[in-house]
Amino acid sequence: MFFDSDLLMSALRALTPILLAALGGALCERAGVFNIGLEGMMLMGCFTAVTTSWFTGSPWLGVLAAALAAAAYSLILAVGAVTLRGDAVVLGIAMNLLAVGLTGFLLRTVFGVQGTFDDPSLAGLPLVGGFSPLAYLAWAAVGVAALLLSRHVWGLRLRGVGEAPDAAATLGVSPTRYKYAAVLVSGVLCGLAGAQLALGNVTLFSENMTAGRGWIAVVAVMLGRALPLGVLLAALLFGLAEAAGFRLQGLGMPQQATDAAPYVVTLVALFLSTAQRRRRAAARIRTRTTGVTS
């Protein structure tokens, strides 16, 4: 049977790093910062988690170091896009490219290997009920983010900063401070996503091991309209696609075809979402035109 409980478990494990990164991207989107540097932040988290866990023997110190390293790396976007008012898209792409080159260089410098570092002494995260604790943290973060953005004063101010920064400033709210906070929190979440990927889903580091998951997280933010529940559903869709790809590979399909499954689903979902939004916009225009004519 193709669709079974094992496929669902695999999908839930696959969605965790995407969900964590996408929640960070959603917070940035709410603050008015388009963050496409999620991939690079995740990759920095992967390398830092593995390096710290290997040197200290503690995966939890690896998780902490990954969160701090990715948050520090996110300052490139915060300073460049918020303080210096640079193009967030250009900065995000540069961060992604820099992370690939930097982690590849550090892999050869620190471990003396090229491609993949895999050591039996590398400590991974423990599993509770088949999932790492970071998976449960990711699911809880969805509820926390939903309550924060809809009920808490910090979340309401964050939304105000993203929608009307000048109006928020006149009310005594600092747009710069809230934008910085959103970017830094997204860095922490991306670091946790990288730790989950490198110490939870597997226990190794490979060059460019995020393999586009950060870009998928960006699409999840767009599909979910930066709403925590919508982001969760989008991440679940991509997690199912990745799990189905692995299942098809086990059934004999070529690896190249199965590896492409999540990205094909991403493109199809983005195309359908865009088409639906355009239809809704056209319908609103027709309704307004009809109302004015009558």
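A salt bridge is a side-chain nitrogen of Lys or Arg within 4 Å of a carboxyl oxygen of Asp or Glu. By this criterion, the whole structure holds two salt bridges. One of them joins the side chains of Glu-207 and Arg-108, at 3.7 Å from N to O. This pair links distant parts of the chain, 99 residues apart. Glu-207 lies in the loop between β2 (205-206) and α9, and Arg-108 in helix α4. Elements here are DSSP runs numbered from the N terminus: helices (H or I) of at least four residues and strands (E) of at least two.

The model is predicted; local features need pLDDT of at least 70, side-chain atom pairs count only at pLDDT 80 or more, and totals for chains, interfaces and linings use all residues. Residues are numbered from 1 along each chain as its sequence is written, and side-chain values use heavy atoms, with hydrogens and water left out. The predictor's confidence in each residue is given as pLDDT, from 0 to 100. Its mean over the protein is 89, and 94% of residues reach 70 or more. Among the elements, helix α3 (residues 59-83) has the highest mean pLDDT, 97. Helix α11 (residues 255-259) has the lowest, 66.

A cavity is a set of points where a 1.4 Å probe fits but cannot get out; a pocket is an open set with protein on both sides within 12 Å along at least five of seven lines. Lining residues have an atom within 4 Å of a point. Points are joined across faces, edges and corners, and a volume is the space filled by probe spheres set on them.

One cavity of 30 Å³ or more was found. Gly-25, Glu-29, Phe-34, Asn-35, Leu-38, Val-218 and Val-221 line the largest cavity. Helices α1 (5-30) and α9 (213-223) each give two or more residues to this lining.

The second largest pocket has a volume of about 240 Å³. Its lining includes Phe-34, Arg-85, Pro-175 and Lys-179. Two or more lining residues come from each of α3 and α8 (175-201). Helix α8 gives the most, with three.

Phe-34 also belongs to a nonpolar surface patch of about 520 Å², together with Val-89, Ile-93, Leu-97, Trp-215 and Met-222. Patch residues have over 30% relative accessible area and no salt bridge; nonpolar side chains (Val, Leu, Ile, Met, Phe, Trp, Tyr) are joined within 5 Å, like charges within 9 Å. Accessible areas come from the Shrake-Rupley method with a 1.4 Å probe, and for residues only the protein chains shown count as cover. Helix α4 (88-111) and α9 each supply at least two patch residues. The most come from α4, with three. Ile-93 lies in that helix, α4.
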